[in-house]
Structure formats: C-alpha cells, structure tokens
Amino acid sequence: MKKIPTNIITGFLGVGKTTTILQLLKNKPENESWAVLVNEFGEVGIDGAFLTESGAMVKEVPGGCMCCTAGLPMSVGINALLRQKPDRLIIEPTGLGHPKKILAILQSENYKNYIDLKATIGLVDPRNLSDEKYTSNQNFNDQLNISDVVVATKMDMASDYDECLFHSWVKSLPHQPKSTAIGHGELPLHWLEEDRTTDLIIEEHHHHHAEQEIVEMVLEPGQKFCRKENKGQGYVSCGWFFGAESVFDFDELFSMLSALTAERVKAVMNTNKGFYAFNVANGVVSVNLLSIDGMESKLEVIDTQLLPWDQLEGVLLSLLIEE
C-alpha cells in the first residue's frame, strides 16, 4: 500500500485551523481525494459539518483531547479513513490540546507502513502574541514548539506591529521552524510537503482525561434536543444538538450570537433562510450558507468560566420557529 502523506495542523482556539483546512481542500488537486480527522474540545462536534461540505472524507473525535485517551478514538478514526485510501490525510487536534502523543502514535509500528508523516503546521494569530493569556499558556507553547512550520494567520486583520512581533517571536523559538504569514486561510499547498524537522520527545501530559470511546449523538424518540458539557485545561464548553426538524429564526439567532461574549462559539444551524455555519471569534460573527439539507443543528460555546447555560438554553429555545 502506498504511504499516505499526513500533516497535523495545530493551533490554539480561534486561530483559524478549520478555515485554513477548508481553503487547502478547496485548492487541492482536482484528481485527489483528501481525508480529515478532526478533534474538538466540545461534545457535539461542529467542524465535521464544515469540512464535509468541502467533499472531504471526515471523521470526528469530539469531547476533548484525543491524545489523552490512549490513542483509541484517534486510531479508530485514522483506520476508518485509511481504509478509504485517501491521497492525503490531515489531522486537526483540538485547540486546547497538543499533538505530541499524536505524533508518537503516527510514527509507531502500527502506522509506519501506511503513513508518510510530513511537517506539523502550527497556526498562530499574531495579535495574540501581545496577550500574556496566550503566551503563558502551556498548550499554546507546546503546540508551536513541536511545529515544523509556524504560520501567522489572519494577517488581513493584523497590524504591522503584529507582523513584526510574529517574525521576532519565531526567531526566538529554540528549534527555529520555517515560517510564513497568510490571510483568509490561504496557505499554499507546498507547505504540506515540507519534511518533519523537530525531534520528538514523549513526556507525561500536564492534563489527563478518562479513556473514552467515540459516541455518536442521537436523540431519543420524542426528544427535541440534548445538551452536553465538558471541562478541562482551564476551559468549559456547552453544546446543544437539535433534530433536523428544528428551524431557527436566522435574524434573531445572529443577534444572539453577536451578543455572546464567550471565548469561542461555533454552530451549524437550520434556519428559515437555509442551513448556515456560524463562527464567532474575537467578537466577530462570520456566516456561511451550506448546501447541506436535512442535517441536525449544533451549537457549541467555549469559555474560561461557567456561563449561565440554562439562561442561554432558554434564549435558544425561544428562537425556534413553531410550525
């Protein structure tokens, strides 16, 4: 079997990993079929809907850091994707984890004949380099210290000072990774072909989770929605999962999302104007119309502190359009 070129694309919350992967999928060679394994801190799994829209083969590992679960969810997902013989595999770990153990699994005996491990690409929003909340975060540093290529994203929104700070910061990294800066997620494909250069030293994680299995969310008969919560690494999440028959008022939903002050919000929602993807980062709501029909609605909120989930749920339910 031909070895599958494989890249890990890592980076902290809101840095633009999914946007970058979507652009890579959009610009990939037309004759190639790519696969994506995506892991989210939240329990309901939003990114899979974004990526499936692109035509990629997608497997999700929701509910925390997949590198903390003895590799089981990750291995199940990778094996399922490899059986479909993709031309490239991209792995997107949660923004609240780091891929060190994922790298070890990919280089293990189980995969040495199937995976051609290429550069790990670490994304960073250069505007965050002025914020100690990010630069002092262990996960933030772990992700970038094992990246072979460091990419400054969202340059279309960054200042000259941010760009200067990024280049200075990259030069200060001890492993001297290659670097580039992009806007709108437009990472040139050639960066995926870079070889790995960082040495891998496996150490104990600074965070732990109980071992888990991949559990698909399914509503019980007569159940309109369900809610799932998660916490770890100093963050909490709450997600809602609605059946495909639920329809939300688009304008009121947009207003609600605009008013949220949480660290991160993602949603794929069935509205009276169509099925839309909502992405909230740094107080900005971006919206994209999806061509998906008959899909469930999902919304995930992540923050550093507990929010009034019951109150938010009440608002969300009030936006349902009665049929």
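This is a predicted model: local features need pLDDT of at least 70, side-chain atom pairs count only at pLDDT 80 or more; totals for chains, interfaces and linings use all residues.

Biologist: Which strands does helix α9 lie across?
Modeller: Helix α9 (residues 309-318) lies across β9, β10, β11 (264-271) and β14, running at about 25° to β10. Axes are lines fitted to C-alpha atoms, for helices over the stretch in contact, and angles run from 0 to 180 degrees between N-to-C directions. Contact means heavy atoms within 4.5 Å. Helices (H or I, at least four residues) and strands (E, at least two) are DSSP runs, numbered from the N terminus.

Biologist: OK. What's the strand order in the open sheet of six strands?
Modeller: The order is β9-β10-β14-β11-β12-β13, with antiparallel pairing. The edge strands are β9 (225-232) and β13 (284-289), each pairing on one side only. From one strand to the next, the twist averages 15°. Two strands count as paired if DSSP finds at least two bridges between them.

Biologist: How many bridges are there between β10 and β14?
Modeller: Seven, in the antiparallel sense, between β10 (residues 235-242) and β14 (residues 297-303). W240 has L299 as its bridge partner in β14, and G239 has E300.

Biologist: And between β11 and β14?
Modeller: Five bridges, again antiparallel. There, V268 is partnered with K298 of β14.

Biologist: Why is β14 described as largely enclosed by the rest of the structure?
Modeller: Because seven of its seven residues are buried, where buried means under 20% relative accessible area (exposed is over 50%, partly exposed in between; 1.4 Å probe, protein chains only). Both faces are covered: S297, L299, V301 and D303 sit on one side, with K298, E300 and I302 on the other.

Biologist: Switching to α8, which residues are buried there?
Modeller: In α8 (residues 250-259), F250, L253, M256 and L257 are buried. Looking down the helix axis, the buried residues fall within an arc of 125°, so they line one face of α8. That arc is taken from the directions from the helix axis to the C-beta atoms.

Biologist: What do those buried residues pack against?
Modeller: They pack against β11, β12, β13, β14 and α9.

Biologist: What caps the N-terminal end of α8?
Modeller: D249 does, with a side-chain oxygen 3.2 Å from the backbone nitrogen of D251.

Biologist: Now N279. Is that one buried or exposed?
Modeller: N279 is buried, with a relative accessible area of 16%. N279 lies in strand β12 (residues 274-281). Its side chain makes a polar contact with the side chain of R264 (2.6 Å). A polar contact is a pair of N or O atoms within 3.5 Å; within protein, one must be able to donate a hydrogen and the other to accept it, and residues adjacent in sequence count only if both atoms are side-chain atoms.

Biologist: Which other residues does N279 touch?
Modeller: Besides R264, N279 touches V265, K266, V284, V285 and S286, not counting residues up to four places away in sequence.

Note on methods:
Residues are numbered from 1 along each chain as its sequence is written. Side-chain values use heavy atoms; hydrogens and water are left out.
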